Amino acid sequence: MGIALIWCLALILIKWITSKRRGAISYDSSDQTALYIRMLANSEIEVSVSARNVRRLLSFQRYLRSSRFFRGITVPNSSNILDDDYNGQAKCMLEKVGNWNFDIFLFDRLTNGNSLVSLTFHLFNLHGLIEHFQLDTMKLRRFLVMVQEDYHSQNPYHNAVHAADVTQAMHCYLKEPKLSKSLTPWDVLLSLIAAATHDLDHPGVNQPFLIKTNHYLATLYKNTSVLENHHWRSAVGLLRESGLFAHMSLENRQLMESQIGDLILATDISQQNEYLSMFRSHLDRGDLCLENANHRHFILQMALKCADICNPCRTWELSKQWSEKVTEEFFHQGDIEKKYHLGVSPLCDRQTETIANIQIGFMTYLVEPLFGEWARFSNTRLSQTMLGHLGLNKASWKGVQREQSGSGDDVDPAFEEMDSDILPQEPRLS
Ligand SMILES: [Zn+2]
């Protein structure tokens, strides 16, 4: 009875809040993968809030769901329904969590969609963070459940599996000799939290879409790193709500929040040239000193950038799946833009674009330059493996391109205009 009353009050409150947030977007519950926007007669866009978004906005509701999880009440998507065999296989996979060919899709199936929680919890344990920072494991699990739930499972690409994949890649980079010998537990802690939360609450559309639909986040962050700022602020909200670091001093918590922000903001792909030229200059001068905390944090920013766009450096089987998923998300945005006459963003038109063209452009202009410099910094077997896959995958997409077009050297012109403001930033696998 009490819950029903709270629910009714919450609905009224949400209706009021959303009436203030012109341009907000949400998912239509009747079509889970379709973004639903409703155009008003006065040509402004109003919010339609689905039940799912009510839950998202209502941290109290999320708290109820999470506490159900901890009280052991079975919910349909709980890992409790998995049999011992699946759990056993998932545990087995975690023993090889540092392998570059780790299959995150299989791991997600074995954990019944809980890959982000399972993997990140395991990594916290593996790196000794729980003991070092005296973390309450219940609070840690609750924090990770909230993080996982705040990713949109309807997004073909920007969902919790992508976050788990980036976290696994980050773990591989943290293990690299140059980094592992100089990183402090604090650095590792920040890196894993930033990786797990770097796309939190991603709406499945890019920044230009948010700007042209007058989304409140675009206004809030003044059209600059809109999504990345939102991911960071969402992460901070969950950190505070979970009380995971409540036992630390306020000064340390504030430092943590700000440094996590520096890491997440570095994943804004529109800033790639600035980061890359800084990285290149350091490598040319040979002046990177990992005893210096500022230098270490810069390298962690570069590592997270690599982890975020490492899909083309995975094996073909994994890489191809990611390519299909991200293209599906681009094209989905393009479909909405067409439907509402918003002007189709570059790379988002399913009539004129192909996966092969998009991937070849992405690899040529973004992935190869970044991983080339990373291999200069950390010339290891892992770096050579990644560059090897990158070369092979690019050749495979060129083969597909030749079959489709009969030519073979088409690079998507959108990538040649990387510095242009008109380009979408986020859909480039950020
Ligand atoms: Zn990402």
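This is a predicted model: local features need pLDDT of at least 70, side-chain atom pairs count only at pLDDT 80 or more; totals for chains, interfaces and linings use all residues.
Residues are numbered from 1 along each chain as its sequence is written, and side-chain values use heavy atoms, leaving out hydrogens and water. Local features need pLDDT of at least 70 and side-chain atom pairs count only at pLDDT 80 or more, while totals for chains, interfaces and linings use all residues.

The UniProt record (an unreviewed entry) puts a "binding site" at His158, Asn159, Ala160, Val161, His162, Asp199, Asp308 and Gln359; such annotations may be inferred rather than shown by experiment, and their positions follow the numbering used here, with feature names shortened. Take Asn159: it sits in the loop between helix H8 (137–149) and helix H9 (160–174), with helices being DSSP runs of H or I, at least four residues, numbered from the N terminus. Asn159 has a relative accessible area of 10%, so it is buried (under 20% relative accessible area, 1.4 Å probe, protein chains only). Setting aside residues up to four places away in sequence, Asn159 touches Tyr151, His152 and Ser153 (contact means heavy atoms within 4.5 Å).

Gln359, by comparison, belongs to helix H19 (residues 355–377). Gln359 counts as buried because its relative accessibility is 2%. Beyond its neighbours within four places in sequence, Gln359 is in contact with Pro312, Ser323, Val326 and Trp397.

Then there is helix H17 (residues 293–308), whose 16 residues reach 22 Å from first C-alpha to last, close to the 22 Å expected at 1.5 Å a residue (1.5 Å times one less than the number of residues). H17 is mostly covered, with 14 of its 16 residues buried. At its start, a side-chain oxygen of Asn292 comes to within 2.7 Å of the backbone nitrogen of Asn294.

Definitions and conventions
Helices (H or I, at least four residues) and strands (E, at least two) are DSSP runs, numbered from the N terminus. Buried means under 20% relative accessible area, exposed over 50%, partly exposed in between (1.4 Å probe, protein chains only). A polar contact is a pair of N or O atoms within 3.5 Å; within protein, one must be able to donate a hydrogen and the other to accept it, and residues adjacent in sequence count only if both atoms are side-chain atoms.
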